[in-house]
Amino acid sequence: MKTGKVNNVQKKDNASVAATSEKRVVDHKDKDRKKDVPHPRMQFDDATRVEKAKKRAIVKQTEVRNRVELFRHLPQYEHGTKLPHLEYKFFHLNSNSVHPAVYKVGLRYLAGDISGGNARCIAMLQAFQESIMEYSAPPEKALNRDLTAKINSYVSFLIECRPLSISMGNAIKFVKTRIANLPVTLSESEAKANLLSEINNFINEKIILADKVIVRHAVTKVRDGDVLLTYGSSSAVEMIFLHAHELGKHFRVVIVDSRPKLEGRLLLRRLVGRGISCTYVHINATSYIMHEVTRVFLGASSVLANGTVYSRVGTACVAMVANACGVPVIVCCEAYKFHERVQLDSICCNELGDPDAISKVRGRDEVNHLKDIADNENLQLLNLTYDVTPSDYVSMIITDYGMIPPTSVPVIVREFRKEQIWSS
């Protein structure tokens with residue numbers, strides 16, 4: 001009887017040990033899953049979090065007086081008020097604060113000198129490269145952890161200057177993954193050289209070469225006599241038009257533009273300078289001009305998992321009119337801009353631009369009728385930066401992986417993530 005009791009007790013002990021070990025494995029898996037989930041954006045309608053963020057912020061910005069209630073969860077600041085102070089502060093940076101290269105990029109974001117998803121991402125990665133080159137790990141700290149903490153502080157500063165684009169978030173995730181996976185056996189100089197090489201490869205393969213592959217695919221969709229419409233200014237779309245013109249194809253480009261940025265003017269100047277026949281219209285004439293158009297080429301800030309295209313505000317309007325007129329809409333977007341997030345509207349996640357940009361017209365005092373009442377408490381100014389185009393309005397997405405329908409976006413997201421994991 002005693003031996004039987006002892007055996008039962010041993011079985012229970014073994015079962016409990018096995019259960020606890022399984023629980024630990026499950027806990028570790030849960031932790032790994034939680035690491036993969038992107039950190040939620042800060043809700044700016046939470047007063048306590050906003051106050052804490054203000055205390056540790058480098059960029060002390062002033063909130064707009066009349067905030068739009070529907071977008072209270074997004075940051076709404078007066079633009080350009082703190083730029084002179086930050087420029088002065090640049091000459092008084094200490095070694096423990098933001099690296100000068102990252103600080104310069106942040107200033108250029110704040111001033112609006114760098115625009116476009118690829119340009120912003122490349123500028124950020126090159127600033128990270130400069131900071132890594134001059135980095136030296138403290139003797140009492142591991143390089144992986146200390147360098148990750150540095151990158152986190154740089155990212156926080158860049159977010160204060162301007163909210164990150166989705167492509168920048170993917171690039172930051174790539175850099176952090178590479179830092180975390182650095183072999184412990186490497187010396188500091190070898191680890192830094194490895195990181196610099198990885199970032200260079202990312203810029204060359206995922207951005208520069210990806211655009212060339214997109215151009216090679218997209219040019220096959222341009223035929224003689226086509227009337228091609230684009231909205232705003234996209235670097236990938238511009239490269240497509242220029243390459244098609246170099247191949248001797250005869251076509252006309254319709255550039256649709258809108259206030260306040262009027263990005264299409266620069267694209268118009270460059271295309272006309274290369275001898276391409278162009279028509280320039282504002283977005284309110286889209287439905288009028290669409291009957292002449294044979295294809296629509298659009299750029300994108302990101303493509304989400306449900307096939308939704310996240311791009312400059314006004315893109316959804318152009319795509320909707322094209323769909324109503326039976327004109328195919330082709331979106332050109334690099335695979336590194338794809339994201340597993342799903343978004344159904346432009347409210348929950350967006351970026352708010354300068355409200356004064358839509359209330360004032362530069363150099364036209366005779367039409368600045370809102371100049372005296374811009375600060376009126378009964379007036380709320382809303383300048384959205386992005387909008388969401390449903391996948392129903394998109395005919396095809398051209399990426400560096402090939403030409404796909406919007407329903408195949410989850411496959412690209414999965415393959416891209418798998419590629420990142422195996423290459424690490």
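Q: At what angle do helix H4 and helix H5 pack?
A: This is a predicted model, in which local features need pLDDT of at least 70 and side-chain atom pairs count only at pLDDT 80 or more, while totals for chains, interfaces and linings use all residues. Residues are numbered from 1 along each chain as its sequence is written, and side-chain values use heavy atoms, with hydrogens and water left out. Helix H4 (residues 100-111) and helix H5 (residues 117-133) pack at about 160°, and their axes are 8 Å apart. Axes here are lines fitted to C-alpha atoms, for helices over the stretch in contact, with angles running from 0 to 180 degrees between N-to-C directions; helices (H or I, at least four residues) and strands (E, at least two) are DSSP runs numbered from the N terminus.

Q: Is H4 roughly parallel or roughly antiparallel to H5?
A: The angle of about 160° makes H4 roughly antiparallel to H5, given that angles under 35 degrees count as roughly parallel, over 145 as roughly antiparallel, 65 to 115 as roughly perpendicular and the rest as oblique. The crossing of H4 and H5 is left-handed, a word used if the near helix is turned anticlockwise from the far one by less than a right angle, with right-handed used if clockwise.

Q: Which residues in H4 and H5 meet?
A: From H4, Ala-101, Val-102, Val-105 and Tyr-109 meet Arg-120, Ala-123, Met-124, Ala-127, Phe-128 and Glu-130 of H5, where contact means heavy atoms within 4.5 Å. By class, the contact of H4 with H5 has 8 nonpolar, no polar and 2 charged residues; Ala, Val, Leu, Ile, Met, Phe, Trp, Tyr, Cys and Pro count as nonpolar, Asp, Glu, Lys and Arg as charged, and the others, Gly among them, as polar.

Q: And H9 with H10, roughly parallel or roughly antiparallel?
A: The axes of helix H9 (residues 235-246) and H10 come within 11 Å and cross at roughly 15°, and H9 and H10 are therefore roughly parallel to each other. Their crossing is right-handed. Glu-238, Phe-241 and Leu-242 in H9 meet Leu-267, Arg-270 and Leu-271 in H10, and the contact of H9 with H10 divides into 4 nonpolar, no polar and 2 charged residues.

Q: Staying with H9, is Glu-246 buried or exposed?
A: Glu-246, which is found in helix H9, is exposed with a relative accessible area of 55%; buried means under 20% relative accessible area, exposed over 50% and partly exposed in between, with a 1.4 Å probe and protein chains only. Glu-246 and Arg-274 are 28 residues apart in sequence, and 9.5 Å apart in space from C-alpha to C-alpha.

Q: Switching to charges, how many salt bridges does the structure hold?
A: The structure holds 10 salt bridges, each being a side-chain nitrogen of Lys or Arg within 4 Å of a carboxyl oxygen of Asp or Glu. One of them joins Arg-178 and Glu-198 at 3.3 Å, N to O. Arg-178 lies in helix H7 and Glu-198 in helix H8 (residues 188-218), so the pair ties together parts 20 residues apart in sequence.

Q: Is Arg-178 buried or exposed?
A: Arg-178 counts as buried at 7% relative accessibility, whereas Glu-198, at 22%, counts as partly exposed.

Q: Which residue does Lys-173 meet in a salt bridge?
A: The side chain of Lys-173 meets that of Glu-340 at 3.8 Å, N to O. The pair links distant parts of the chain, 167 residues apart, with Glu-340 in the loop between strand S8 (338-339) and helix H13 (356-359) and Lys-173 in helix H7 (residues 166-180). Glu-340 is partly exposed at 28% relative accessibility, and Lys-173 is partly exposed at 34%.

Q: Zooming out, how many helices and strands does the chain have?
A: The chain has 14 helices and 11 strands, and 42% of its 424 residues count as buried.
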